[in-house]
Amino acid sequence: MRTLKGIIIAGLAILALASCGKKDTPIRFCNYNMRVIMSQDSLERDFYQRKPFILKRIADHDFDMIGAQEVDDEMKAALAEDLKDTYSVVGEGRRADRKGEGTPIFYKTARFELLDWGSFWLSKTPDVPGSKDWDASQERIATWTKFKDKVTGKKFFYINTHFDHRGPVSRTEAAKILLEKARELHDDLPVFFTGDLNTNSQTEAIAILSDNELVKDSYTSTETAPTGRKSPYYAFDFDRPDSDRGDYIFVPKDAVVHSYACIDDDIKDRQYSSDHCPVLAIVTIK
């Protein structure tokens, strides 16, 4: 017969193993440009026609964190209503009145506790709402957050953004601003960046984000080979040739990237969810 002491020791061992497993539970980070509502879009490209497929991508791939781009107030409200049983959302618009298109973050409410959040603009005066500089064609915003993972107990700092599509100087400067703001705000927490950065992987902006003390590129540091298209952007053209990346997930320097995927279900299923495919990196924080 097992002694009481033996039972207690065995029980503690099981609890310890369970605890270790939870501490290593990975996070499924997604970047997803959802295509803002455009009056010139044809019926099948209309947001409300595409929305069921956005929701399907989210459900099928069980994203924990979603850094979204091109989401205006109407889209954010509609998605928040559909996702409210599983996800919460944080973020505001990029205009001076904090309305309009933004870079919201959707997160699983049951798993993550939002500790703090705010916005800054990709300009010489990042704390001035609606500001823009250099050769940027329009205002660009970043949403910053601090989270606690209720499963692992770990905290992290996360920025989601969208660089300008026309101004190469503004994209380089925006990369510098991301790092400056992260250093200012992250409180020694592990740092994540997601975004549609509107630039290929060989540019100065990506070099800046890849060579620093805070983050690394999940695509180049994954333990297994990346899957799916290289370019998430397919421009509503199922037959568009593949090209270099434009959407990115940067993770903490010491994080383990288990896998990286461009989820090209839109193309496989011939269904428009957006003109971009979502990107997924499965990551464990050390």
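In the protein chain, residues 24 or more positions apart account for 75% of the contacts with a separation of 6 or more, a contact being heavy atoms within 4.5 Å. This is a predicted model, where local features need pLDDT of at least 70 and side-chain atom pairs count only at pLDDT 80 or more, while totals for chains, interfaces and linings use all residues. Residues are numbered from 1 along each chain as its sequence is written, and side-chain values use heavy atoms, with hydrogens and water left out.

Overall dimensions next. A compact globule of 286 residues would have a radius of gyration near 19 Å, and the protein chain has 20 Å, which agrees; the radius is taken over C-alpha atoms, and the rule is 2.2 Å times the number of residues to the power 0.38. The C-alpha trace spans about 75 × 40 × 35 Å along its principal axes. Of the 286 residues, 53% count as buried, meaning under 20% relative accessible area, with exposed over 50% and partly exposed in between (1.4 Å probe, protein chains only). The protein chain exposes about 12700 Å², and carbon and sulfur atoms supply 52% of that area, by the Shrake-Rupley method with a 1.4 Å probe.

Now the secondary structure. There are 7 helices and 12 strands in the protein chain, taken as DSSP runs (H or I, at least four residues, for helices; E, at least two, for strands) and numbered from the N terminus. Two strands pair if DSSP finds at least two bridges between them.

How enclosed is strand β2? Because 5 of its 5 residues are buried, β2 is largely enclosed by the rest of the structure. Met65, Gly67 and Gln69 point one way and Ile66 and Ala68 the other way, all of them buried. In a regular strand the side chains alternate between the two faces of the sheet.

Strand β1 (residues 27–33) runs parallel to β2, joined by 5 bridges, and Phe29 stands opposite Met65. On pairing with β4 (residues 105–108), β2 is antiparallel, over 3 bridges. There Met65 has Tyr107 as its bridge partner, and Ile66 stands opposite Phe106. Together, β1, helix α2 (residues 47–61) and β2 make a right-handed β-α-β unit: with the strands pointing away from the viewer, the path from the first strand over the helix to the second runs clockwise.

The other open sheet of 6 strands has the order β5-β6-β7-β8-β10-β9, again with mixed pairing. Here β5 (112–121) and β9 (215–217) stand at the edges with a single partner strand each, so one side of each lacks a neighbour in the sheet. The twist averages 20° from one strand to the next. Strands β7 (residues 155–162) and β8 (residues 191–196) pair in the parallel sense over 6 bridges, with Thr161 opposite Gly195. Helix α4 (residues 168–185) lies across β5, β6 (141–149), β7 and β8, at about 155° to β7.

Conventions: Axes fitted to C-alpha atoms, helices over the stretch in contact; angles between N-to-C directions.
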